[in-house]
Amino acid sequence: MEHSDPAPDRPISPDNQAHIPVLIGPLIAAVGPVSGHWLDGTFGAGGYARALLAAGAQTVTGVDRDPLALQMAAAWAHEYGDRLHLVPGNFSELDQYAGEALDGIVLDLGVSSMQLDQAARGFSFAKDGPLDMRMAQSGESAADLVNSASEEALADILYHYGEERASRRIARAIVAARATAPITTTLQLAAIVSACLPRPKPGQSHPATRSFQAIRIAVNTEFSELIEGLMAAERALKPGGMLAVVTFHSLEDRIVKRFFLNRSGNDAQTNRYAPERAEDTARFTLVTKGAVAPDAEEIARNPRSRSSKLRVGQRTHAPAGPVDPAALGVPVLPTSYNTRPTHKPVQKAGSARKAGSARKGSR
Ligand SMILES: C[S@@+](CC[C@H](N)C(=O)[O-])C[C@H]1O[C@@H](n2cnc3c(N)ncnc32)[C@H](O)[C@@H]1O
């Protein structure tokens, strides 16, 4: 879940209810009737997995890249016996975990309340902690990125992954600050960002919201995970199988929206250039015609749900195939920020100049 607001400290309860599942009612209604083998690629506190099991799934494979999420589930997963199978890993490889064609897949993108609310995980600009932000608790941390990336690469990350218009100013301030001493804590980074921006008016979000989102996306290679996860889901589902994706910000919702339009033959590109009729090549049919948003009651009960959107598609018989990330509106970074071999930023050769020139003068 995407969380931009500070939340009161909450303990992680033994029954894993610290994270409130978002849009779960509309999701179960849209994908139902539920039966067979489902995969939850973002297991978290297991709220979706439990709801699927309660709704009629015979078995659920729960995947999470955060070892802590699966450790927490050990306290209750046995209640479901062999109906619930937990796998540590990335959902970009979800087609390798199931062992058979799936009846449904759910992805609830972003970070969980457990991750956000624990200062030690370093996701929150509202609580002091080490500048970490790694969902998998391994690899390059946010501190590594912030202290080693070039000023240009930092500005590009902030602009393209956070839609931060003051990206160059903030990148310059980060580079100036780290010349004195490394930036190691969340509040240090939040203060550097805040000093570059006007004081927020009442009701406006914290000035560091967009920068923290951008750095988190880069550290966790979230866009390449999403594209590869959507493609893996297309390969893994049986005909008639359901794919439900919940997003929390406009950049990831745009990717999911365009994926479903492209794969259902409903985008301009497919209709104009595909030689075959769309109904013969469509890999999905749209179950939700637009995005489903939480109602006022859900937002009042769980303010963190307010920016969530649900989109659902149903797999057809057409064979799976590759997807061009450029058709999905994936933000392209003009400069590489890789400092470790496992990074997989989505880059498309030849589009860097276009992306660079499009932003000229805007920051
Ligand atoms: C919003 S929470 C999911 C909450 C869950 N639906 C629930 O009801 O408890 C997102 C979870 O997905 C995990 N996650 C995010 N990206 C992932 C990826 N690419 N592969 C596997 N897990 C991922 C995070 O570690 C986090 O635990």
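A residue is called buried here if 20 or more other C-beta atoms lie within 10 Å of its own; keep that cut-off in mind for the views of this predicted model.

**View 1. Helix α7 and its buried residues.** In α7, the residues that pass as buried are Ser167, Arg168, Ile170, Ala171 and Ile174. Look down the helix axis and these buried residues sit within an arc of 165 degrees, so they line one face of α7. Ala176, Ala179 and Thr180 are over on the other side of α7, and they are exposed. There's a simple rule behind this sort of pattern: an α-helix has 3.6 residues a turn, so residues three or four places apart point the same way.

**View 2. What packs over α7, and how far the helix runs.** The cover over the buried residues of α7 includes α5 (142–148), α6 (151–162), α8 (186–195) and α9 (209–219). As for length, α7 has 14 residues and spans 21 Å from its first C-alpha to its last, close to the 20 Å expected at 1.5 Å a residue.

**View 3. Zooming in on isoleucine 170.** This residue belongs to helix α7, which covers residues 167–180. Take leucine 158: it is 12 residues from isoleucine 170 along the chain, and their C-alpha atoms are 8.4 Å apart.

**View 4. The shell around the ligand.** There are 24 residues around the ligand, and the ones that come nearest are Pro21, Thr42, Gly44, Ala45 and Gly47. Sort the shell by residue type and you get 9 nonpolar, 10 polar and 5 charged.

View 5. Stepping back, the chain has 15 helices and 7 strands. Buried residues account for 48% of its 363 residues. Of the contacts between residues at least 6 apart in sequence, 69% join residues at least 24 apart. Mean pLDDT for the chain is 88, with 85% of residues at 70 or more. Residues 1–17 have pLDDT below 50, and beyond near neighbours in sequence the model gives this stretch 35 contacts. Over residues 339–362 pLDDT also stays under 50, and here the model has 33 contacts beyond four places in sequence.

Technical notes. Residues are numbered from 1 along each chain as its sequence is written. This is a predicted model: local features need pLDDT of at least 70, side-chain atom pairs count only at pLDDT 80 or more; totals for chains, interfaces and linings use all residues. A residue is near a molecule or strand if its C-beta atom, placed from the backbone, lies within 6 Å of it. Ala, Val, Leu, Ile, Met, Phe, Trp, Tyr, Cys and Pro count as nonpolar, Asp, Glu, Lys and Arg as charged, and the others, Gly among them, as polar. Helices (H or I, at least four residues) and strands (E, at least two) are DSSP runs, numbered from the N terminus. The expected span of a helix is 1.5 Å times one less than its number of residues. A residue is buried if 20 or more other C-beta atoms lie within 10 Å of its own, exposed if 12 or fewer, and partly exposed in between; C-beta atoms are placed from the backbone. The arc is that of the directions from the helix axis to the C-beta atoms. Two residues are in contact if their C-beta atoms, placed from the backbone, lie within 7 Å. pLDDT is the predictor's confidence in each residue, from 0 to 100.
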